[in-house]
Amino acid sequence: MDKRHEREGFTDEELEAARSELAGMRSRRQLTDMPETRRKELIERSHDLGLEAAPSINDRNISLFSRGFDPQFAGINTFVRSPYCEDINQIGGYDVAVVGAPFDMGTTYRSGTRFGPEGVRRISGVYDSYSPDLGMDLFEEITIADAGDIFVIPSNIEKTFDQIELGVDHLLDQGTFPVIIGGDHSIGLPDTKAIAKHVGGKLGIIHFDRHIDTAETTMDERMHTTHWSHATKLPNVPPTNLVQIGIGGWIGNHSGVQVAEDIDTTVISMFDIDDIGVDRAMDIALEIAWKDADAVYLSFDIDVFDPGYAPGTGTPEPGGMTPREGLKAVRRAAAEGLVGMDLVEISPPYDHADITSLLGARVVMDTLSTLVQHGHLGTRPTD
Ligand SMILES: [Mn+2]
């Protein structure tokens with residue numbers, strides 16, 4: 001007997017209503033109305049720069065030399081194949097600047113994050129600019145440039161901080177949204193110093209990490225365990241607007257937790273997320289970060305994800321977030337607006353099959369597209 005005829009779950013009308021409310025179905029409908037201007041421009045450009053394909057190729061969108069998105073394994077990669085803004089004086093012509101800060105001398109355990117920007121760029125070539133999750137073609141909404149890397153000084157943390165602060169300061173002066181790809185997390189200090197200068201009032205920070213990163217010093221220096229204790233000494237970056245999400249485990253948190261207690265940051269542990277859920281955790285986080293603040297900065301340490309999903313990092317801590325939890329959390333943060341973001345601690349030498357770099361690139365894409373969706377980037381009205 002055919003079991004389909006025994007089901008009585010939905011009337012035809014109820015089923016149609018439920019079906020049409022699915023995000024997957026909404027994306028299907030939206031695709032018809034989505035602009036394809038940028039997509040067509042890219043095809044034209046690939047023909048201008050890469051010549052017409054051989055006569056036997058039926059798809060005439062294909063060029064002779066690969067100069068666009070395809071093939072995904074070909075070409076010289078920038079972040080998601082965005083244009084390389086080699087002349088950094090021109091960066092103000094773009095909505096978003098993705099910049100590398102390939103510095104890993106702030107690392108206290110195993111290094112390799114100096115290859116983070118390169119690793120993210122290379123695997124990000126697999127991404128298209130369209131996602132059905134948000135029903136959006138990101139490149140139709142905003143212009144993104146790859147600004148290349150800031151010149152870091154491998155042997156000198158403090159000089160590197162000066163370089164990064166001035167570099168991010170330049171991006172902000174030019175009016176572009178900075179996405180800083182580390183590098184280890186010590187770069188959170190110069191990033192915040194530059195950002196804080198450009199915010200009139202208070203700056204809040206939403207910090208995803210398994211580690212609290214609020215020690216005063218580690219091994220006598222300002223390493224990747226110390227940035228928030230120094231950043232929150234800036235007059236408009238109060239520790240009471242710093243919210244730290246996903247903290248826990250057994251690696252290097254002792255001295256930082258004492259400082260967090262002394263200066264009063266908000267710590268939401270991974271066990272908290274387990275107990276109260278991502279949405280409730282983000283309700284609290286957003287309330288804290290935005291309290292009397294003019295802007296909020298997102299600092300995302302890839303090690304907040306469980307090392308099963310993100311093994312390519314310097315201090316992996318078992319028991320972290322799943323990708324779906326982490327991505328949901330950053331989308332919640334981005335929905336209320338951000339002044340900039342960093343993505344740190346991706347260490348390609350410890351990665352497997354690029355999964356950590358791929359997840360990192362996804363964090364950036366989901367953040368940017370959510371900012372667009374809620375009118376904080378590009379030209380959509382604010383909701
Ligand atoms: Mn960490």
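Helix 6 and helix 7 cross in a right-handed sense. This is a predicted model, so please read every value I give as computed from it. The two helices cover residues 157–173 and 188–197, and their axes cross at roughly 35° and come within 8 Å.

On the helix 6 side, the contact is made by Phe161, Ile164, Glu165, Val168, Asp169 and Leu172. Helix 7 answers with Leu189, Pro190, Asp191, Lys193, Ala194, Ile195 and Lys197. Sorted by class, that contact has 8 nonpolar and 5 charged residues, and no polar ones.

The second pair is helix 11 and helix 12. Helix 11 runs over residues 323–335 and helix 12 over residues 355–373; they pack at an angle of about 30°, with axes 8 Å apart. Angles under 35 degrees count as roughly parallel, which is why helix 11 is described as roughly parallel to helix 12. The crossing here is right-handed.

Which residues of helix 11 make the contact with helix 12? They are Pro323, Leu327, Val330, Arg331, Ala334 and Ala335. From helix 12 come Leu359, Arg362, Val363, Asp366, Thr367, Thr370 and Leu371. By class, the contact of helix 11 with helix 12 has 8 nonpolar, 2 polar and 3 charged residues.

Now to the domains. The chain is divided into domain 1, residues 10–71, and domain 2, residues 79–373. Taken over C-alpha atoms, the centres of domain 1 and domain 2 are 31 Å apart. How many residues bring the domains into contact? Domain 1 supplies 9 and domain 2 supplies 7.

On the side of domain 1 that touches domain 2, the elements giving two or more residues are helix 2, at 23–31, and helix 3, at 37–50. Helix 2 gives the most, with 4 residues. That side of domain 1 comprises 3 nonpolar, 4 polar and 2 charged residues.

Last, the chain as a whole. There are 12 helices and 10 strands in the chain. The C-alpha trace spans about 65 × 60 × 40 Å along its principal axes. For 383 residues, a compact globule would have a radius of gyration near 21 Å, and the chain has 22 Å, so the two agree.

To recap the helix pairs: helix 6 with helix 7 at roughly 35°, and helix 11 with helix 12 at about 30°.

Note on methods:
Residues are numbered from 1 along each chain as its sequence is written. This is a predicted model: local features need pLDDT of at least 70, side-chain atom pairs count only at pLDDT 80 or more; totals for chains, interfaces and linings use all residues. Domain bounds come from an automatic or database domain assignment. Two residues are in contact if their C-beta atoms, placed from the backbone, lie within 7 Å. Ala, Val, Leu, Ile, Met, Phe, Trp, Tyr, Cys and Pro count as nonpolar, Asp, Glu, Lys and Arg as charged, and the others, Gly among them, as polar. Axes are lines fitted to C-alpha atoms, for helices over the stretch in contact, and angles run from 0 to 180 degrees between N-to-C directions. Angles under 35 degrees count as roughly parallel, over 145 as roughly antiparallel, 65 to 115 as roughly perpendicular and the rest as oblique. A crossing is left-handed if the near helix is turned anticlockwise from the far one by less than a right angle, and right-handed if clockwise. The radius of gyration is taken over C-alpha atoms; the globule rule is 2.2 Å times the number of residues to the power 0.38.
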